[in-house]
Amino acid sequence: MFDFRPHEIALVFPSTGGSYDEAGSYIPGDSPPDEVIDAHVDVLSGSEYERAQKVAADTNVIIYIDYRDDLDERIKVRHKGKTYSVSALISQGGLDETLALYAKEVE
């Protein structure tokens, strides 16, 4: 779809398991480091926004990255000081070359 990735994004992975101490207080697990990768970030407007709503509700950006199979909807993305939650990951064209992350701003 896109032969270039002009933007840099950070993939924010969820923290790994946590535990409870003897007093019953929750201790969060470790967070893996963010991974900075190249991407194409497409901010949606008008008819693009309406089409994206049919795929994943509340989508306001689609982020295109090289295909990878180690991501799921728990991932967050940081780009230009904004954080996005991912509601759908779709292989473009089914060829496992480009992965589209349908996302919405959360913070």
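Of the contacts in the chain with a separation of 6 or more, 55% are accounted for by residues 24 or more positions apart, a contact being heavy atoms within 4.5 Å. The model is a predicted one, in which local features need pLDDT of at least 70 and side-chain atom pairs count only at pLDDT 80 or more, whereas totals for chains, interfaces and linings use all residues. Residues are numbered from 1 along each chain as its sequence is written, and side-chain values use heavy atoms, with hydrogens and water left out.

The chain contains one helix and eight strands, taken as DSSP runs (H or I of at least four residues for helices, E of at least two for strands) and numbered from the N terminus. Along the sequence these elements follow the order β-β-β-β-α-β-β-β-β. Of the 107 residues, 35% are buried; here buried means under 20% relative accessible area, exposed over 50%, and partly exposed in between, with a 1.4 Å probe and protein chains only. The accessible surface amounts to about 6,700 Å², and carbon and sulfur atoms contribute 46% of that area. These areas come from the Shrake-Rupley method with a 1.4 Å probe, and for residues only the protein chains shown count as cover.

Turning to the interior, nonpolar side chains in soluble globular proteins tend to be buried together. A nonpolar core is a set of buried Ala, Val, Leu, Ile, Met, Phe, Trp, Tyr and Cys residues joined through side-chain atoms within 4.5 Å. The largest such core has 17 residues, and those with the most contacts inside it are Ile9, Leu11, Ile63, Ile65, Leu71, Val77 and Leu101. At least two residues of this core come from each of β1, β4, β5, β7 (82-91) and β8 (98-105). Leaving aside neighbours within four places in sequence, leucine 101 is in contact with Val61, Ile62, Ile63, Ile65, Val77, Val86, Ala88 and Leu89. A second, separate core holds six residues, including Leu44, Ile62, Ala88 and Ala100.

Charged side chains complete the picture. With a salt bridge defined as a side-chain nitrogen of Lys or Arg within 4 Å of a carboxyl oxygen of Asp or Glu, the count is four. In one of them, arginine 78 meets aspartate 34 at 2.6 Å, N to O. Arginine 78 belongs to strand β6 (residues 76-79) and aspartate 34 to the loop between β3 (26-27) and β4, so the pair ties together parts 44 residues apart in sequence. Both ends are partly exposed, arginine 78 at 39% relative accessibility and aspartate 34 at 37%.

Arginine 68 and glutamate 35 form another salt bridge, at 3.0 Å, N to O. Because arginine 68 lies in the loop between β5 and β6 and glutamate 35 in strand β4, this pair ties together parts 33 residues apart in sequence. Arginine 68 is buried, at 17% relative accessible area, whereas glutamate 35 is partly exposed at 29%. Arginine 74 also forms a salt bridge, with aspartate 72, their closest N and O atoms being 2.9 Å apart; arginine 74 is exposed at 57% and aspartate 72 partly exposed at 28%. Finally, salt bridges with shared partners join Glu35, Arg68 and Asp70 into one network.
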